[in-house]
Amino acid sequence: MDFLMSGLAACGACLFTNPLEVVKTRMQLQGELQAPGTYRRHYRNVFHAFITIGKVDGLAALQKGLAPALLYQFLMNGIRLGTYGLAEAGGCLHTAEGTLSPVRSAAAGALAGVMGAYLGSPIYMGMFRALIKIGQKHGLVGLWRGALGGLPRVIVGSSTQLCTFSSTKDLVTQREIFPPQSWKVALVAAMVSGIAVVLAMTPFDVVSTRLYNQPTDAQGKGLMYRGLLDALLQTARIEGIWGMYKGIGASYFRLGPHTILSLFFWDQLRTLYYMYTK
């Protein structure tokens, strides 16, 4: 049930935030490895990107990839949040005195994120027909192309997200800012977590998107980047430090609400489940 509730919470958030994922991805890919001011910017900001995509490609384009996104969210976050939830319920995240340990929380979040992201990586690359084509062309290993490059992003993001959420929730509860078991506790904790995760993840998110989207040779080897570090260095050298935060507005509008909604839904589903089963 922990894994099922986690997956359903992530899918519920995905329905609202998938258009933001489309906008974020397009903004991160524009001007790839081109010096600032030397290329045409198709999207000036998040709102202009929304309008442009809707006008040129149609409103349906804003929900492009929804099916694989839902499947990925259910699998990846079902495993990630479910694993973290089991560790939390088992008392693994607290000290002998019963207080939350930020170190244990961060470590559990990182480990849970790695498990979820690696197992869900093939779904991130495409749905069934695309998976078959990738498998035929590049073999089984090809289904995990870019997976290792994406792991640092997930380690940083998952660790930051879950540690911040748990720590803020614990702090708000101790200060008795809201009544016991109030949904506002989870909402405030999720909002704080949303800001922290965007600041921590955006550079890795930019690089991960580019690693997944780069062209490959006949052996499936990337033609633009040798790996994560090379992608980071090339982006920083050619596009500057702000190139690492390209699309951060779109990232926040996507990751912020997704973090808030998924963690809030996850917390409320668990609260209801334990309320009626104990």
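Are F165 and W266 buried or exposed? Good morning, everyone. Let me answer that directly: F165 is buried, and W266 is buried as well. Please keep in mind that the model before you is a predicted one.

I shall begin with the aromatic rings. Searching the whole structure turns up five aromatic pairs. In one of them, the ring centres of Y84 and W266 are 6.4 Å apart and the planes meet at 55°, so this pair is classed as tilted. Y84 belongs to helix 3 and W266 to helix 9, so the pair ties together parts that are 182 residues apart in sequence. Y84 has a relative accessibility of 1%, and because the limit for buried is under 20%, Y84 counts as buried. W266 also counts as buried, at 1% relative accessibility.

A further tilted pair joins F165 and W266, with 6.3 Å from centre to centre and 45° between the planes. F165 sits in helix 6 and W266 in helix 9, so here the parts tied together are 101 residues apart in sequence. Through these ring pairs, Y84, F165 and W266 are linked into a cluster.

Which helix gives the most? That is helix 9, with five residues.

Thank you for your attention.

Conventions: Residues numbered from 1 in each chain as written. Predicted model: local features only at pLDDT ≥ 70, side-chain atom pairs only at ≥ 80, totals over all residues. Heavy atoms only, no water. Helix = DSSP H or I, 4+ residues; strand = E, 2+ residues; numbered from the N terminus. Phe/Tyr/Trp six-rings, centres within 6.5 Å; stacked < 30°, edge-to-face > 60°. Buried < 20%, exposed > 50% of the residue type's maximum accessible area, 1.4 Å probe, protein only.
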